[in-house]
Amino acid sequence: MTITVYTKPGCSPCKLTIGKFKTAGLDPQVVDISVTPAALEYITEELGYAQAPVVVYERDGSEDHWSGLNPDKINQVIALETPTPNP
């Protein structure tokens, strides 16, 4: 499982996205697109996004991605990656 969050400086939705993952005990890879030209090219040219953050979630050979603050998608990933306690 890999969670990568592509961010830019001063981006509140980026900080909120990263914070939600960290609060859930998940540690996403964070890539600053302002200092990594290849990452900016990847999210704009390959994925087609123009808004940060861009989250790329990879698990078991499949990939999901989205752009912007998306609590539903974040919670979906957290649910998949957080073990359910046994009663």
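View 1. At 6% relative accessibility, C11 counts as buried (under 20% relative accessible area, with exposed meaning over 50% and partly exposed in between; 1.4 Å probe, protein chains only). C14 is buried too, at 2%. These cysteines are joined by a disulfide with an S to S distance of 2.2 Å (the term is used for a pair of cysteine sulfur atoms within 2.5 Å). The link is right-handed, with 80° about the S-S bond, and the structure holds 1 disulfide.

A word on the model: it is predicted, so local features need pLDDT of at least 70 and side-chain atom pairs count only at pLDDT 80 or more, while totals for chains, interfaces and linings use all residues. Residues are numbered from 1 along each chain as its sequence is written, and side-chain values use heavy atoms, leaving out hydrogens and water.

View 2. In α3 (residues 71-81), I74, V77, I78 and E81 are buried (helices are DSSP runs of H or I, at least four residues, and strands of E, at least two, numbered from the N terminus). They share one side of the helix, because their arc around the axis is only 100° (taken from the directions from the axis to the C-beta atoms). On the other side, D72 and A79 are exposed. The buried set packs against β1 (2-7), α1 (12-23), β3 (54-59) and β4 (62-67) (contact: heavy atoms within 4.5 Å).

**View 3. The open sheet.** Here 4 strands run in the order β2-β1-β3-β4 with mixed pairing (at least two DSSP bridges between two strands). β2 (29-32) and β4 are the edge strands, each with a single partner, so one side of each has no neighbour in the sheet.
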